[in-house]
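Open the model in your viewer and keep the sequence panel beside it. The stops below say what to select next and what is there.

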Amino acid sequence: MPTCKNCTTAFTITEQDKTFYARINVPAPTLCPACRQQRRLSWRNERTFYQGVSDLSGKPILSIYHPSKPFPVYDQAEWWSDAWDPFDYGREIDWQRSLLAQINELFQAVPRPSLFNRNCVNSYYGNIQESNLNCYYEVGSGWCEESYYSTINIHCKNIMDSHYAHQCELSYYLVNCEHCYSCVYCQNCHNCLETYFSYNCRGCTNCFGCVNLRNVQYYWFNQPVGEAEFIRRIASLGSYAFWQKMKQEFLAFRASSLQPYAVQVKCERSTGDYLSSCEDVRSCFDLVEATNCAYCYRGEKITDSLDCDIGGWPASNLYEVLSADTSSAMIGTVFCWENSFIQYCYHCFTSQDLFGCSLAALACGGSDTVF
Ligand SMILES: [Zn+2]
């Protein structure tokens, strides 16, 4: 059993892992799965923001990079524009020197975008957003409207302080909830309405402090109280102190309730948590419709991949990648979307057959490019 070069703990390389490494012709890893993920995520600053200026125009910007960074950072609109040419940074490979050292030198020279937001309106203060409208401090969210201080909300409206809310509206403090309306402090709840402090409920309406209930109405800490009594109790909720008291009572009640060992829905031969419609995935988390993957975190429609954080929609044959949307056959990439057959690349889009590139796109000739 190998020992991790970073944390020195022993870790397992399974027969499936070895088959994958042989198929894509890479050596076995020297770091354990946790340290490999830590290395990948160190490339992704989601939500720590800095005030700075664009190194292209001097205009004030919000940035995910500290002003003392060693590389140029451009306002995201300027970075995507034709005001500069990434191929000006192209260079010859020195075959006598380390390739990784030269790739790092390139990455330190090519400008980086201050933020990563696409097709957003009035949602400047946020990062990794897609098609958001009137949002503030949203991170990793898409197609949301008037949502604030949240991460990974998809198709939500009027949501605050939530994580992983999908198609929810007018709600506060949701975690892993879907199709909920007017709910507060709920986790793992689906299709609920006007429900508060609840966990793992489905199709519930007017419930408070409930755990593991299905299709009920007017329940208080898993007991029926009737419409009039429920309305009377809800009317008494008002002060912050009372909400905090209810929160503590709910957490104690939830801790005493039966809970699933993992959240897996329609999964076959899979290990991990928050998996839905997955087959043959190992040590994976927050995946939907994934097949034959291992050590992956957060993604959808991803197949035949190892060590991928935030990828899919769809993607296949990925290894050691971070943020890989709609791509296939990528190794060692960061923030590379809609590519195929690229390795050791950073900020490359709609390209194929790249090695060691930073910012390339087919629109500017990003094909069959090295450095
Ligand atoms: Zn380790």
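The chain has six helices and 28 strands; helices (H or I, at least four residues) and strands (E, at least two) are DSSP runs, numbered from the N terminus. This is a predicted model, in which local features need pLDDT of at least 70, side-chain atom pairs count only at pLDDT 80 or more, and totals for chains, interfaces and linings use all residues. Residue numbers start from 1 along each chain as its sequence is written.

Show the whole chain. Along the principal axes, its C-alpha atoms fill a box of roughly 80 × 55 × 35 Å. Of the 371 residues, 37% count as buried, that is, with 20 or more other C-beta atoms within 10 Å of their own, the C-beta atoms being placed from the backbone.

Next, select helix α2, residues 33-41. Which residues of α2 are buried? They are Arg36, Gln37 and Arg40. Seen down the axis of α2, the buried residues fall within an arc of 95° (taken from the directions from the helix axis to the C-beta atoms), so they line one face of the helix. An α-helix has 3.6 residues a turn, so residues three or four places apart point the same way.

Last, select strand β1 (residues 50-53) and strand β2 (residues 60-63), which pair in the antiparallel sense over four bridges; two strands pair if DSSP finds at least two bridges between them. Gln51 stands opposite Leu62 in β2. Six residues lie between the strands of this hairpin, and Gly58 takes a positive phi near 80°.

Technical notes
A residue is buried if 20 or more other C-beta atoms lie within 10 Å of its own, exposed if 12 or fewer, and partly exposed in between; C-beta atoms are placed from the backbone.
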